[in-house]
Amino acid sequence: MQGNIIWKLVLTIAIAGWAAWNLFPVKETPFTDYVRGAATAHQEEFGELLDRAIAISGEREGSTVFIELRDLANAEEIDLHKYFSHIRLEESLRNIQRRNNLLLNELLRRSRASIPLGLDLRGGVSFTLEFQQPPETDISSFERDEMMSKAIEIIRQRADGLGVAEPMIRPVGDNRIEVQLPGVTTRDNPEISETLQRPARLEFRVVHRSLRGFLDEDDIPPAYELLVEERENPETGDLDRVPHIVRRIPALTGEAIERAAAVTDQFGRYSVSLRFTSDGGRRFADMTREIAEGNRPNQPLGQLAIVLDGVLYSAPTVREEIRGGRAEITGRFSQREAVELSNVLNNPLDVPLEIVEMYEVGPSLAEDAVVAAKNALIMGAVAVLVFIIFYYMIAGAVAAVTLTVNVIIILGVLASIGATLTLPGIAGIILTIGMAVDANIIIFERIREELRMGKTLRTALSGGYEKALSTIVDANVTTLLTASILILLGSGPVKGFGITLAIGIFTSVFGALIISRFLLEFLINPGHVTKLPMFALVKDTKIDFLQYRKVAFAGAWLLVLTGIIAVGVRDPYGIDFIGGDEVRITFEQRLSTTEIEEVAAANDIGEVQPVYQAPIGGGREVLSLQTRPEMGEKMVAALQSAFPAAGLVVVGENRIGPAVGKEIRNNAILGVFVALFGILLYVALRFEWGYGFGAVIAVIHDVLMTIGIFVLAGKQFTAPMVAGVLMVVGYSINDTIVVFDRIREQLTLDPNSKLKDVVNESINRVLGRSLLTSITTLLATLPLFLFATGPVADFAFIFIIGILTGTFSSIFIASPVFFWWHKGDRRHVEERKDVLPNYDWVASSKASK
């Protein structure tokens, strides 16, 4: 028994320690301050170089310390690694420019916080891309819109491929795209914007067999052109320029590429591996065969030039036909360069885009709203811990420790994968905290039942965990199924929510089955604790819930219908979904976000999103006001009237598109429906079809009722609200599975009772757990609703509705549907051989005792 405690303790310490280590640094350090302190050798010399870079960046518009430090070092051929010898670089990398670029990017990464905040909580960097229509071309508005829509999705995929969590990308006007990147220091590292706008036109071209060297244009055949390949000299590290005479028309283009990926060879050198489509593979084989057939003895071998966006990357020789549908681009890539190149090749742009504006943007949530939300989160967490300790006493203290470790592990995993913390991410964390509390409550209530049967505390502990196991596993597997589908099908905030939820599911199960168990075993088995006192919210209730099923069922769906009608009548979609007006204003006096929102409310303007923008490298700050369609002019007039001394002057107007594009919205809807189908199949296989349909109908009810009540309350849907609705799906299925698991068990334990009595008895047995879970989750959410403002409060409101509807539906929707499915006859259930599952690890555990 002592061995069981030790391995659980070691595993917990190892995982929690790893997670805590990933959380540092907690705060971001300005790049200048970080590099000055990070230099470990020749500090004085580096300090002088850094001061020069600071001085130059202050004199040049649009420049930064990062850029000037890089350019100074490269121009004077200074290897910056001599100041930072503790940072390892690839030994074979000799070129100073490449070494400096790699080193500065690593220093930039280390200066950032482990979990950067998103656009809604902190802001980021914004740039506007303009579609450059080719001259003398006639493109219809429909074709332009289609090209813009495709470009937006490609840019979004590229941003996701670069590890940028939840960027905001939307059309502006007829030919522009606005891109906002959270947690990305584009001011110091402008290459990311270049990567996003890069066309990625890949071409395979034949190299002339006999013509060599830097030829005059008159000496080059009309069908060919001179391209120069840069090769790093392995001895000096200098870049040698190697000329090639290359055919202008490509033999094969990037359309033949199915997938590109960054790979390394046996020496650790990076390259980009290409996998062709089936047709592309055949054409590549034909092309290389033709080149190889032209080879002659004592003559130069034929070459194939690999050209990307007009730049020659490599020109390998072709000795024979290359089959297998694969090729490789070499070129002395760093890991980052190889990853970025493969990313753009996987998402090529068909239209040329040019950066026309670049700004630093403030958070979309008001500063006071962010502070209020932080305080409310702390209040909610403290309230949950105090309540759980008060109610379960010693066991509650164990649960409090488990919850704390859970949160550390969740944040540590998020930091390790480079996640950005946004409001949807916080939504996932809150839901997983609720599920972690629920898992502990299920276990403690089972232990209580075992103690009431007269078992010893040690036996009750073992029995409680065994009986709670199937409930915890099934509840979390169904929620994990939902999270996995959202990750696979979703994008943006939907995918971010799914990732956070999936991480939280694993940590909550680990906390309940490993951490809390080893803590309780450590206290109980040696005899340190001989009693587990607990309060009881409800005791031995005998409520006939199914007696009220018809009234409750009909009333609930009537409310759902009312909400659906309200959605159709009230137009509840906000700017994130329908777009609107954007007005850019200069000012003499800065207005707070709260003041702007108060003016909008007083003038019945509706939703307004104020964001302050500062040009990169300096310049006058501008207030960008985003309103619902046709409300921009009215909003400006209202602000000018309310704040005449502010000196508000309109300098630009635009029509903006939705931030939540069709693909995100459609993928979210598709994800929910696929998740419902998956839940139906899983529950049907693990339980049987009656349970499956009951669970799915309950989830549909909860989602529709939550949306309906939200709209009836006069609220509008914004991007974070998508995550709020998805939370309801996770909470609803978790609650329903707990009830169904008890019904399944009760059917086995009570073979003589009628189905109605079994269902009622099961609901009464888990009633205390259901109420406790609702109370603790409400304690975590209510402070957000009461003390936060704006989208945070709206998000909390959605989840509060979801908590109440989830508890209601597990009793009055899911259970009656199961009851009606089987026509009120337990024989109908038994004919389908529904039995309590017996997990292999439970059987082996019992056998070892």
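# A tour of the predicted model

Select M393: its relative accessibility is 31%, so M393 counts as partly exposed. The model you have open is a predicted one. M393 is found in the loop between α10 (367-392) and α11 (394-416). Check its backbone: M393 is not a glycine, yet its phi is positive, about 55°. Most residues other than glycine have a negative phi.

Next, select F387, F390, Y391, Y392, F444 and F535 together. These six side chains form one aromatic cluster.

Now go to K823, in the loop between α23 (790-821) and α24 (826-830). Is K823 buried or exposed? Its relative accessibility is 68%, so K823 counts as exposed. The phi of K823 is also positive, near 60°, and K823 is a residue other than glycine.

Move on to helix α4 and colour it by burial. Of its 11 residues, 9 are buried, so α4 is largely enclosed by the rest of the structure. Step just past the end of α4 to E77, where phi takes a positive value of about 55°.

Stay with the aromatic rings for the next stop. The model holds 27 aromatic pairs. One of them joins F46 and Y83, with 5.2 Å from centre to centre and 50° between the planes, a tilted arrangement. Where in the chain do F46 and Y83 lie? F46 is in helix α3 (residues 43-59), and Y83 is in the loop between α4 (65-75) and α5 (96-111). The two are 37 residues apart, and their pair links distant parts of the chain. Both F46 and Y83 are buried.

Two stops show an arginine against a ring. Select R590 and Y612: R590 lies over the face of Y612, 3.8 Å from the ring centre. Then select R744 and F687. Here the charged end of R744 sits over the ring of F687, at 3.8 Å from its centre.

Finish towards the start of the chain. Select F24 and P25 and show the backbone between them. Is this peptide bond cis or trans? The bond from F24 to P25 is cis, with omega near 0°. Most peptide bonds are trans. P25 has its place in the loop between α1 (2-22) and α2 (31-38).

Key
Residues numbered from 1 in each chain as written. Predicted model: local features only at pLDDT ≥ 70, side-chain atom pairs only at ≥ 80, totals over all residues. Heavy atoms only, no water. Phe/Tyr/Trp six-rings, centres within 6.5 Å; stacked < 30°, edge-to-face > 60°. Helix = DSSP H or I, 4+ residues; strand = E, 2+ residues; numbered from the N terminus. Buried < 20%, exposed > 50% of the residue type's maximum accessible area, 1.4 Å probe, protein only. Lys NZ or Arg CZ within 6 Å of the ring centre and 35° of its normal.
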